[in-house]
Amino acid sequence: MARTYKPREFTVFFSNVPYTTSAGYLRKTFSKVGDVEYIELFTNSGGRSIGAGIATFASSESAKRAVSEMDGEEVDGRPIAVKENERETQPKGQGKGNPAARVFFNGVPYTTTEGFLRTKFEGHGKIVDFDFWRRPDGSSQGMGTCCYSEPSEADAAIAALSGAEVTVEASWCRRTTNLKCQPGKQKRMQEKIAKA
């Protein structure tokens, strides 16, 4: 089924799904609470599931039911985490700047500040837009997007920061127009700073 873009109230974010669980199985599982229009299963550079994604429902009521009834439910032997999708869903490339110059990052420790993280990205080019995703209470989601003025700057950031340790955890950078992660070398951020 072709994907239709709906307001975030029609969607939920899910995680902690086994990597072997298919989008079809998740569609069937989520259909217990309402009509599922689309399942977006996030993948790594090899095309394998990372155990997280977005489920889009035909109604906002179904999305609310998914959060209240399915969070913690066992899926393929693991308790699935289901929560409100706190980001607007829209066709890729509809945000600020050139979509080919936009980088998605995640895996950033929740204690990392936006200013600290932005300085890491500024070392690779001119930033047009930096979106550090936050929950309604203002706390970090550990992910976001950074849009550069040129695609080559996004390439440089992906090469330098993907897999780099910001503090103690590895972060991932990838293009928002390509759902596959760009794997990087596991290097300490201090090495990156020394090279800058």
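Let me start with helix α2, where glutamate 69 and arginine 65 both lie, 4 residues apart, or about one turn of the helix. In this predicted model, the two residues form a salt bridge, and their closest N and O atoms are 2.9 Å apart. How exposed are the partners? Glutamate 69 has a relative accessibility of 43% and so counts as partly exposed. Arginine 65, with a relative accessible area of 35%, is partly exposed as well.

The structure holds 3 salt bridges, and I shall take the other pairs in turn. The side chains of arginine 118 and glutamate 122 meet at 3.1 Å, N to O. Both residues lie in helix α3, which covers residues 114-122, and they are 4 residues apart, about one turn of the helix. Arginine 118 counts as partly exposed because its relative accessibility is 29%. Glutamate 122, at 41% relative accessibility, is also classed as partly exposed.

The next pair joins lysine 32 to glutamate 73 by a salt bridge of 3.2 Å, N to O. Which parts of the chain does this pair link? The two residues are 41 positions apart and connect distant parts of the chain: lysine 32 sits in the loop between α1 (23-30) and β2 (36-43), while glutamate 73 sits in the loop between α2 and β4 (74-75). Lysine 32 has a relative accessible area of 56%; the cut-off for exposed is over 50%, so lysine 32 is exposed. Glutamate 73, by contrast, is partly exposed, at 24% relative accessibility.

I now return to helix α2, this time to alanine 63. The helix spans residues 60-70, and alanine 63 is placed within it. Is alanine 63 buried or exposed? Its relative accessibility is 3%, and therefore it counts as buried. Which residues does alanine 63 touch, once its neighbours within four places in sequence are set aside? The contacts are Glu9, Phe10, Thr11, Val12 and Phe57.

Which element supplies the largest share of the lining? That element is α2, with 3 residues. Both α2 and β1 (11-15) supply at least two lining residues each.

Let me close with the protein as a whole. The secondary structure consists of 5 helices and 10 strands. Of the 196 residues, 44% are buried. Among contacts with a separation of 6 or more, 62% are between residues 24 or more positions apart. The protein exposes about 10000 Å², and carbon and sulfur atoms supply 51% of that area.

Methods
Residues numbered from 1 in each chain as written. Predicted model: local features only at pLDDT ≥ 70, side-chain atom pairs only at ≥ 80, totals over all residues. Heavy atoms only, no water. Buried < 20%, exposed > 50% of the residue type's maximum accessible area, 1.4 Å probe, protein only. Contact = heavy atoms within 4.5 Å. Areas by Shrake-Rupley, 256 points an atom, 1.4 Å probe, with all protein chains shown as cover. Salt bridge = Lys/Arg side-chain N within 4 Å of Asp/Glu carboxyl O.
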